[in-house]
Amino acid sequence: MALLPSSGPVSARQDFRYRRVMAALLSRVKDVLAGLVDPQLTARIDALPRGNLNEFGVDPFGFDPETIKLVAPVLMLLKERYFRVETHGAQHIPGQGRFLLIGNHSGQLPFDAAMVGTTVLADAPRPRLVRGMVERWSADLPFVSELFVRAGQIVGDPTSCARLLNAEEAVMVFPEGAKGINKLFAHRYQLGDFGHGFMRLALQTRAPIVPFAVIGAEEQAPAVADIRPLARLLGLPAAPVIFPQVLPLPLPTRYRIWFAEPMEFKGAADDDDEVVAGHVKKVKNTIQRMIEHGLKRRTSIFF
Amino acid sequence: MATRKPPAKDRRSTARLVRPRVLVTAAASSLGRVLCRRLHRSYDVLAVDTRPFPDRPKDVEHAEVDLRRKAAQTLIKKRRPDLVVLLGPWHDERPARTAATLESTATLLQLVEDIGAKKLVVLSAASLYGPSPTSASFLSEDAPLLGGQRSRAVADAIAVDMMVQSFFWKAPATETVILRLVHVVGPHLQNLASRFLRQRRVATLLGFDPMMQLVHEDDVVDAVALALAPDKRGVFNVVGPTQAPLSRILAARRAQVVPLPGFLLGPALVRARALRLTRLDDSELVHLKYSCLVDGARAAAELGFVARRSLQQTLVDVG
């Protein structure tokens, strides 16, 4: 901890004035941002479960529902105007209680995670906040780390996941991990290897699994090659060559998000690998089928 | 061990008729003083520290001695405390002095074994787990102590914690308890966390707002009292009732926050330390960057410890 060398006491009046100006400015900014949000969405954010909040307005991990109101305008703009998300099967998202969202990961940048989270908040029968797992290096980024924590996103860790599920929260996991999001355009819509961690977590916490498939994210940033030595040099998971990359923005492809019925599995969290692999395969097959079905139904990538 | 004479039974039993005797090390540190003031109500307190303890309660016996010296050892062997409270170097409020810390801890553990004390309670710290990108996951007592890579003071405290952990199997007859406390704050404390919160202007790291766990000094004393009860042993995290972001804690303290970018604050601290303006080093900045959250469920289940002072109350009480 740091102590600032004291440079004389601040006068009470000066302090008071500073506080008043700051408070007025902050409330003005909040009003402007709140004005951008659809009142219906504000009502849904207010209806989020708040049982875990303490007297400081945050849950044990630091999530504050009020922060969602600040980021919602941007996310809704992306969802409604940029990716024009089309949702199928939102009725399968449980209105209460714990569940795990498991799906395919793609698109070089995690816009798919943001869009699934926004869709669940805006389109599910009852609003739920999805707790996503972020990469651990994001905790080193100023402002970003703070925003992630306040918006309910946490650094991926099995104990944190188990704790959230036991507190009846919704947790989103991409079992393919970084390999899924960094796959080349030639391998689009081919599911990579699924880890077993999510299934052991589901068995341990008796949480149902809601599989989902995102169609459209694969084409937002088509990677033609991955320069491995450069990635190693920069300490990144991948260094994709994206074509036609003119802007740091993804291409405005149309997202189609499909949700399947919740799947429940019985067994022990420490079951043998073969047993757990069987369960994992069922989830993977469900997602694969949804992807194939979604691709067949799709008439255009952009419209 | 084998040649040691059995304790003089009659003398000990008369002593027990009066009150059990408890030895408190680093008793003149601010937390040690708070502890002695509370424990003397139910125990005969023998306070040991090289520093003076002028405002001690009248019935507290204070020995201004160094644990490594013969005088201290003779005194402790003579008084034969039934219970021993070891304040780890984290709560000692003196600059890191590795050799002295490790030697006096080793001496004390040997003494505890020699006099056959029934209980050893060690005050360690949750900071030893080390704030890191992954430490916001409510670490259990089994999590590794990884905080020592950056700071010598933490490395010393970890060494003491490990020595006591090996004491569990070395002297199984002594019930040993390690309490790993989150940042302890209170009106009587002069430790870093309390001084930090008392500032009117506080420097923080721009763009970072970690979750903080605090525990009130009186709750720590309660935890020690519970740990001193018979049949309790093991390692326990001691936490306050809730946790909150640093910014909201400082807002509740009505402090004026001065967010500084890390590339300024780190070198500024290094410079200030070189000029002897502060004893802090830039390794302490990790506390302002990452959350380090620990799980206090084991202490609640096995010790029956639940912090009674709310976080709001704790912040008001800091003074």
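Predicted model: local features only at pLDDT ≥ 70, side-chain atom pairs only at ≥ 80, totals over all residues.
Local features require pLDDT of at least 70 and side-chain atom pairs pLDDT 80 or more, whereas totals for chains, interfaces and linings use all residues. Residues are numbered from 1 along each chain as its sequence is written, and chains are lettered from A in the order in which they are written.

The contact between the chains takes 30 residues from chain A and 38 residues from chain B; contact means C-beta atoms, placed from the backbone, within 7 Å. On chain A, α5 (144–150), β4 (154–155) and α6 (158–166) each supply at least two residues. Helices (H or I, at least four residues) and strands (E, at least two) are DSSP runs, numbered from the N terminus. The largest share, three residues, comes from α6(A).

The largest nonpolar core has 164 residues. Such a core joins buried Ala, Val, Leu, Ile, Met, Phe, Trp, Tyr and Cys residues through C-beta atoms within 7 Å; buried means 20 or more other C-beta atoms within 10 Å of the residue's own. Among the residues with the most contacts inside this core are A:L100 and B:V24. Helix α4 (residues 111–123) of chain A gives the largest share, eight residues. Beyond four places in sequence, A:L100 touches residues including A:V171, A:F198 and A:I209.

In chain B, three strands form an open, mixed sheet in the order β7-β9-β11. Strands pair if DSSP finds at least two bridges between them. The edge strands are β7 (183–185) and β11 (243–245) of chain B. Strand β9 (residues 211–216) of chain B pairs with β11(B) in the antiparallel sense over three bridges. There, B:Q213 has B:Q243 as its bridge partner.

Methods:
Contact = placed C-beta atoms within 7 Å. Buried ≥ 20, exposed ≤ 12 C-beta atoms within 10 Å, placed from the backbone.
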